[in-house]
Amino acid sequence: MAVPQRKTSRSRTRSRRAQWKAVEPALVPVVVGGERVQVPPRLARAVREGRIDPR
């Protein structure tokens, strides 16, 4: 297992963590029972087939 040779400073750690940004998921429209619903692309097929309730 890798072991750091020296301690990382607070400012270095916090500035690295500050670069991380959450991105909103891409949503695709799916029509279920005459109603248009926005779902992530990986769930679109399951919602269309009725395996997942989109609400």
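**A predicted chain of helices and strands**

Student: How many helices and strands does the protein chain have?
Tutor: Helices (H or I, at least four residues) and strands (E, at least two) are DSSP runs, numbered from the N terminus. By that rule, the protein chain has two helices and two strands.

Student: In what pattern do they follow one another along the sequence?
Tutor: This is a predicted model, in which local features need pLDDT of at least 70 and side-chain atom pairs count only at pLDDT 80 or more, while totals for chains, interfaces and linings use all residues. Residues are numbered from 1 along each chain as its sequence is written, and side-chain values use heavy atoms, with hydrogens and water left out. Read along the sequence, the pattern of the protein chain is α-β-β-α.

Student: Why is the protein chain described as more spread out than a compact globule?
Tutor: The globule rule is 2.2 Å times the number of residues to the power 0.38, and the radius of gyration is taken over C-alpha atoms. For 55 residues the rule gives 10 Å, and the chain counts as more spread out because its radius of gyration is well over that, at 21 Å.

Student: What are the spans of the C-alpha trace along its principal axes?
Tutor: The spans are taken along the principal axes of the protein chain. They come to about 60 × 25 × 15 Å.

Student: What percentage of the 55 residues counts as buried?
Tutor: Buried means under 20% relative accessible area, exposed over 50%, and partly exposed in between (1.4 Å probe, protein chains only). Under this definition, the buried share of the 55 residues is 13%.

Student: Which residues form the largest nonpolar core?
Tutor: A nonpolar core is a set of buried Ala, Val, Leu, Ile, Met, Phe, Trp, Tyr and Cys residues joined through side-chain atoms within 4.5 Å. The largest such core has five residues, namely V30, V37, V39, A44 and V47.

Student: Which elements give two or more residues to this core?
Tutor: One of the core residues is A44, and A44 lies in helix α2. The elements that give two or more residues are β2 (35-39) and α2 (41-48).

Student: Which residues of α2 are buried?
Tutor: The cover over the buried residues of α2 includes β1 (28-32) and β2. The buried residues of α2 are A44, A46 and V47.

Student: Which residues does V47 touch, not counting those up to four places away in sequence?
Tutor: Contact means heavy atoms within 4.5 Å. For comparison, A44 is in contact with V28, V30 and V39 when neighbours within four places are left aside. V47, counted likewise, touches V30, V32, V39, I52 and P54.

Student: Is P40 buried, partly exposed or exposed?
Tutor: P40 lies in the loop between β2 and α2. Leaving aside neighbours within four places in sequence, P40 is in contact with A26, L27 and V28. Its relative accessibility is 24%, so P40 counts as partly exposed.

Student: What distance separates the C-alpha atoms of P40 and R6?
Tutor: Along the chain, P40 and R6 are 34 residues apart. Their C-alpha atoms are separated by 43 Å.

Student: What is the phi of G50?
Tutor: G50 follows α2. Its phi is positive, near 85°.
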